[in-house]
Amino acid sequence: MKKEQNILQDTFGRDHTYLRISLTERCNLRCTYCMPEEGVQLSPKSHLMTYEEVFDIAKTFVKHGVTKIRLTGGEPFVRKDIPVILEKLAALPVELSITSNAVIIDKFIDVLKANGIKKVNVSLDSLNKEKFTHITRRNQFDKVYNNILLLVKEGFQVKVNAVLMKDFNDDEIIDFIKFTKDLPVSIRFIEFMPFDGNKWDLSKMVSYKEVMKQVNGVFSETDVIRLQDAPNDTAKNYSIKGYQGSFAIISSVTNPFCDSCNRLRLTANGQLKNCLFSSTESDLLSKLRQGKSIEPTIKKAVQAKFKMRGGMDTLEKLQKPDLHGRNRSMITIGG
Ligand code: SAM
Ligand code: SF4
């Protein structure tokens, strides 16, 4: 008998085992690289997935082989029913994790623990309070910084995401790495990526190469240790000899990792995106609400996945605003 093709395998043989679910388009910060100053057009509440719908859609993906789910947003903790969502999803046989700006995460430590969440990614783009306020357009540095320390103390595996921007925080790369000397966190430097309304241009981006140039200028060759990356890892991981933590670089712009991509994204309004950079979306929520199977839509979306960065397979294409501007702002995709 012919084996039925997995609906989560694309035409390049990539199996999609990792689903990132955005729970909300709202946020208690306003990061300049993530959303335009004027804000974004929010979906009406009735267009957003309820917690039951999040669970139903997630269950279908798990049935077809998803083993990892990460909750994101907007800021997932601004959603009032986050404890119920965590509880429902924790019942599925998946590794559940969450990405947060950590502004209010201290109120949810027990909920996270009760639902078996061990991995938390936190955004922190500067170790300098004034710069943090500038980039997030909100004065919440102390909360975020202290909550990172709290998460570590409470035993979570913490990754700290910093989007690097030229002449803004590229002078902090070494400070960030030194932050891992006594703190077992992984600092992940992310190349600034283009999305609708974030005023991206290549000259603002700090590349993988530039990060390593700074690292190699300060630390000796024998002290910089290249770590083994996890399978499907988007980051290249390093540590400094004797440091408790590590650092990594996510080079989606200069060195994309599309060949081993295993990710799909579900937006808060129930649209499946087959790639972070894709300008097309597939409406799972309407199908679900009509009582129809969402599986054919999932299959079609996965089959339509481009080999690389939503079809923007060269840096030249990625730089074209008419191409990357067709995509949503990051805040409404779920990074
Ligand atoms: N609010 C949570 C947070 O900030 O971690 C979760 C959502 S946020 C959209 C997820 C991740 O996307 C964050 O680490 C953020 O730094 C990253 N991100 C947003 N816009 C980006 C951009 N233009 N380039 C690179 N990373 C970006
Ligand atoms: Fe909010 Fe996260 Fe976007 Fe910043 S990066 S505006 S914290 S969703």
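Student: What is the relative accessible area of Tyr-145, and in which helix is this residue found?

Tutor: Buried means under 20% relative accessible area, exposed over 50%, and partly exposed in between, with a 1.4 Å probe and protein chains only. Tyr-145 has a relative accessible area of 27% and is therefore partly exposed; it is found in helix 5, residues 141-153, where helices (H or I, at least four residues) and strands (E, at least two) are DSSP runs numbered from the N terminus. This is a predicted model, in which local features need pLDDT of at least 70, side-chain atom pairs count only at pLDDT 80 or more, and totals for chains, interfaces and linings use all residues. Residues are numbered from 1 along each chain as its sequence is written, chains are lettered from A and ligands numbered from 1 in the order in which they are written, and side-chain values use heavy atoms, with hydrogens and water left out.

Student: Which residues are in contact with Tyr-145, leaving aside its neighbours within four places in sequence?

Tutor: With contact taken as heavy atoms within 4.5 Å, Tyr-145 is in contact with Leu-127 and Phe-179. Val-122 lies 23 residues from Tyr-145 along the chain, and the C-alpha atoms of the two are separated by 9.8 Å.

Student: Where is Ser-22 placed, and is Ser-22 buried or exposed?

Tutor: Ser-22 belongs to strand 1, residues 18-22, and with a relative accessible area of 1% it is buried. Residues up to four places away in sequence aside, Ser-22 touches Met-49, Thr-72, Gly-73, Gly-74, Leu-266, Thr-267, Ala-268, Ile-333 and Gly-334. A polar atom of the Ser-22 side chain also lies 3.4 Å from the backbone oxygen of Thr-24.

Student: How does one read the burial pattern of a helix, and which residues of helix 7 are buried?

Tutor: An α-helix has 3.6 residues a turn, so residues three or four places apart point the same way. In helix 7, residues 208-218, the buried residues are Tyr-208, Val-211, Met-212 and Val-215. Seen down the axis, they fall within an arc of 95° and so line one face of helix 7, the arc being that of the directions from the helix axis to the C-beta atoms. The face turned away from this buried side carries the exposed residues Lys-209, Lys-213 and Gly-217, while the cover over the buried residues of helix 7 includes helix 6 (173-178), strand 5 (157-164) and strand 6 (186-191).

Student: Which residues of helix 2 are buried, and what do they pack against?

Tutor: In helix 2, residues 82-90, Ile-82, Ile-85, Leu-86 and Leu-89 are buried. They cover an arc of only 100° around the axis, which puts them on the same side of helix 2. The buried residues of helix 2 pack against helix 1 (51-63), strand 2 (68-72), strand 3 and helix 3 (109-114).

Student: How many residues surround ligand 1, and which are the closest?

Tutor: There are 20 residues around ligand 1, and the closest are Tyr-33, Gly-74, Ser-123, Asn-161 and Met-193. A nitrogen atom of ligand 1 is 2.9 Å from a polar backbone atom of Met-193, and an oxygen atom of ligand 1 is 3.1 Å from an N or O atom in the side chain of Asn-161. The protein covers 96% of the 550 Å² of accessible area that ligand 1 has on its own. Strand 3 (95-100), strand 5 and strand 6 each supply at least two residues of the shell around ligand 1.

Key
A polar contact is a pair of N or O atoms within 3.5 Å; within protein, one must be able to donate a hydrogen and the other to accept it, and residues adjacent in sequence count only if both atoms are side-chain atoms. A residue is near a molecule or strand if one of its heavy atoms lies within 4 Å of it. Accessible areas come from the Shrake-Rupley method with a 1.4 Å probe; for residues, only the protein chains shown count as cover.
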